[in-house]
Amino acid sequence: MKTIARKIMAMVIAASFCFGLASCSKASKGSKLNTVAAGKLTMATNAQFKPYEYHEGDKIIGIDAEIAKAIADKLGLELVIEDVPFDSIIAGVQAGKYDIGCAGMTVTEDRLKSVNFSTSYATGIQSIIVKEDSPIKTVDDLLKGNYKVGVQSGNTDDIYMSDTDGGVGEDRIDRYNNGNDAVVALSSGKVDAVCIDNEPAKSYVAANQGLKILESPYTEEKYAIAV
C-alpha cells in the first residue's frame, strides 16, 4: 500500500472519527473533538508487527503509524503512539484510555461487543511458519497432527487456533507476548509452527534462517481501527 493510498484511506476513516469523537463535554477550547488528551489523537498499538508497526530507533513507524498520522493531520490533532501489549488495546480503547487502537487489528464479532471499528483498510492473511525441514507441509497437516503452535496472545491467530472447530484447540497452543517471541520459540524447537499474519511472517522468515511459510494460507481477515 503506497503512501498516497494510505492518505486517501485515512481521509475516509477520519470522516467517521469526526462523528465518533465529536462532543462538547470534554472538548478542548476551539475544538469539537472529544479526545483523551486535548489536541492529541492517542493511538494504542503493539509495535512488533512489521510492516504495520515497528520500532526504528526511538520512533514507531509503519503502515498503521502513517495512516494514524494522516488521520490526526486531517482532524487537526497531534498523534501520540503508545506501545502496549496487544491484548490490552481493546480494553484500553473501551475504557477511554486511548482514542484508537491501530495494530493490524481484525474485526471480529467478539471485539464488536466492546468497541466499534472504522472502515476496513486492508485484507490480512493468517499464515503458518514452520522450519524448512518440518514434516508439516500443509495447513491440514498442522490441524490434524499433534503439533504445538505458537501464537500472539489475544491476536486472531490465538482466537482461531485455540478453537477446536477450525483450529488445534487450547491444549496445543503456546501464547507469547508478540510474534517475535513466538518465532524464537519455533527456531529453538519449543513449538512446531507459528500462526501469524502474512506480512510480519515474511519479515520474520527473512530475518531467521531455516524457516519458511506454508504455501496455503490459514485464513483471511479484514483490518480496521478500533474506536
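**Exercise 1. Find which residues are buried in α2.**

Solution. Start with the helix itself: in α2, the buried residues are I63, D64, A65, I67, A68, A70, I71, A72 and L75. Buried means under 20% relative accessible area, exposed means over 50%, and partly exposed lies in between (1.4 Å probe, protein chains only). Helices (H or I, at least four residues) and strands (E, at least two) are DSSP runs, numbered from the N terminus.

A word on the model: it is predicted, so local features need pLDDT of at least 70 and side-chain atom pairs count only at pLDDT 80 or more, while totals for chains, interfaces and linings use all residues. Residues are numbered from 1 along each chain as its sequence is written, and side-chain values use heavy atoms, with hydrogens and water left out.

**Exercise 2. Compare the span that helix α2 should have with the distance between its end C-alpha atoms.**

Solution. First, take the rule: the expected span is 1.5 Å times one less than the number of residues. Next, apply it to α2 (residues 63-75): its 13 residues should span 18 Å. Then look at the end C-alpha atoms, which are 19 Å apart, so the two values agree. Finally, step past the helix: G76 follows α2 and has a positive phi, near 70 degrees.

**Exercise 3. Work out the order of the strands in the open sheet of three strands.**

Solution. Two strands pair if DSSP finds at least two bridges between them. The order is β2-β3-β4, and the pairing is antiparallel. The edges belong to β2 and β4 (59-61); each has a single partner strand, so one side of each is left without a neighbour in the sheet. Between β2 and β3 there are two bridges. Here Q48 stands opposite Y54 in β3.

**Exercise 4. How many aromatic pairs does a search of the whole structure find?**

Solution. The search finds four. Rings of Phe, Tyr and Trp (its six-membered ring) pair if their centres lie within 6.5 Å; planes under 30 degrees apart count as stacked, over 60 as edge-to-face and the rest as tilted. Take F49 and Y52: their ring centres are 5.6 Å apart and their planes stand at 35 degrees, so the pair is tilted. Now take Y52 and Y223, an edge-to-face pair at 5.2 Å centre to centre, with 90 degrees between the planes. Y52 lies in the loop between β2 (48-49) and β3 (53-56), and Y223 in strand β12 (residues 219-223), so this pair ties together parts that are 171 residues apart in sequence. Both Y52 and Y223 are buried. Put together, ring pairs link F49, Y52 and Y223 into a cluster.
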